[in-house]
Amino acid sequence: MTEPARAASGNEPDGLVIQPALALVEFASIAVGMQAADAMVKRAPIDTIRAGTVHNGKYLVLIGGQVADVEESLAAGREAGGADVLDFVLLPQVHPEVVERIGGARSPAETDALGIVETSTVAAAIHAADAGIKGAQVSLVEVRLADGLGGKGIVLFSGFVADVEAAVRLGTSVLERPDLLVRQVVIPQLHPGMWENVGASTWFGTRLRGQA
């Protein structure tokens with residue numbers, strides 16, 4: 001598997017503009033997910049919809065727009081999805097950096113500490129990223145979702161140790177079920193060799209080929 005194309009570091013990804021509200025629904029069934037996505041876009045006049053398959057056979061629907069419209073659309077998706085809804089997130093005022101990172105932009109500036117939040121779902125990773133970046137003085141290095149991760153999500157924060165610890169604590173505190181958190185780690189004074197790897201890519205295959 002190869003790493004998908006992504007926007008240049010620090011730039012807003014082409015075509016992904018979501019404000020003020022963002023919601024994502026994660027479905028166990030692809031067929032049900034497509035049916036639910038149709039119901040969602042028919043229920044309310046949302047501005048943005050991105051839908052498709054990810055590892056490991058899940059179907060994701062990402063929407064954005066005005067708060068009331070996104071809430072209505074999300075409700076339609078949850079109703080249509082029923083028991084096939086694995087997880088969901090609603091962010092009425094999503095942080096702009098979260099939108100940039102889920103679109104593929106990265107901010108790999110080398111600083112003191114690295115914080116990692118590893119989640120079992122994509123929705124949980126987005127929720128953790130938004131809470132961490134809003135509540136602490138950190139940089140959001142990457143929000144990587146599902147593909148190449150067996151359906152999991154990872155969020156990377158960088159900054160000074162105390163700030164990164166705060167971001168990780170805030171990010172994990174918003175997760176509503178214990179099973180949504182796989183691991184959380186803060187690494188003080190990350191070695192320069194690891195900063196080089198983290199800054200280039202978290203995809204092992206890409207690092208081997210020297211493409212980043």
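Student: Is Q189 buried or exposed?

Tutor: This is a predicted model, in which local features need pLDDT of at least 70 and side-chain atom pairs count only at pLDDT 80 or more, while totals for chains, interfaces and linings use all residues. Residues are numbered from 1 along each chain as its sequence is written, and side-chain values use heavy atoms, with hydrogens and water left out. Buried means under 20% relative accessible area, exposed means over 50%, and partly exposed lies in between, for a 1.4 Å probe and protein chains only. Because Q189 has a relative accessibility of 64%, it counts as exposed.

Student: In which loop is Q189 found?

Tutor: Although Q189 is a residue other than glycine, its phi has a positive value, near 45 degrees. Helices (H or I, at least four residues) and strands (E, at least two) are DSSP runs, numbered from the N terminus. Named by such elements, the place of Q189 is the loop between β8 (181–187) and α6.

Student: A146 is not a glycine but has a positive phi too; is A146 buried or exposed?

Tutor: The phi of A146 is about 65 degrees, and this residue sits in the loop between β6 and β7. Because its relative accessible area is 0%, A146 is buried.

Student: How many residues of strand β1 are buried?

Tutor: The strand, which spans residues 21–27, is covered on both faces. A21, A23, V25 and F27 are buried on one side, and L22, L24 and E26 on the other.

Student: Which residue is the bridge partner of A23 in β4?

Tutor: Two strands pair if DSSP finds at least two bridges between them. On one side, β1 runs antiparallel to β3 (residues 58–65) over seven bridges, and there A23 stands opposite I63. Strand β1 is also joined to β4 (residues 85–91) by six bridges, again antiparallel, and in β4 the partner of A23 is L90.

Student: Which residues have the most contacts inside the largest nonpolar core?

Tutor: A nonpolar core is a set of buried Ala, Val, Leu, Ile, Met, Phe, Trp, Tyr and Cys residues joined through side-chain atoms within 4.5 Å, and contact means heavy atoms within 4.5 Å. The largest such core has 36 residues, and helix α4 (residues 122–135) gives the most to it, with eight residues. L22 touches L62, V89 and I126, among others, not counting residues up to four places away in sequence. The residues with the most contacts inside this core are L22 and I126.

Student: Which elements do the buried residues of α6 pack against?

Tutor: In helix α6 (residues 192–200), the residues W195, V198 and A200 are buried. Of these, W195 also touches A109, a residue placed in the loop between α3 (96–102) and β5. The buried residues of α6 pack against β5 (113–119), β6 (139–145), β7 (153–159) and α7 (204–209).

Student: The peptide bond from H55 to N56 is cis; in which loop does N56 lie?

Tutor: The omega of this bond is near -5 degrees. Counting along the elements, N56 lies in the loop between β2 (48–54) and β3.
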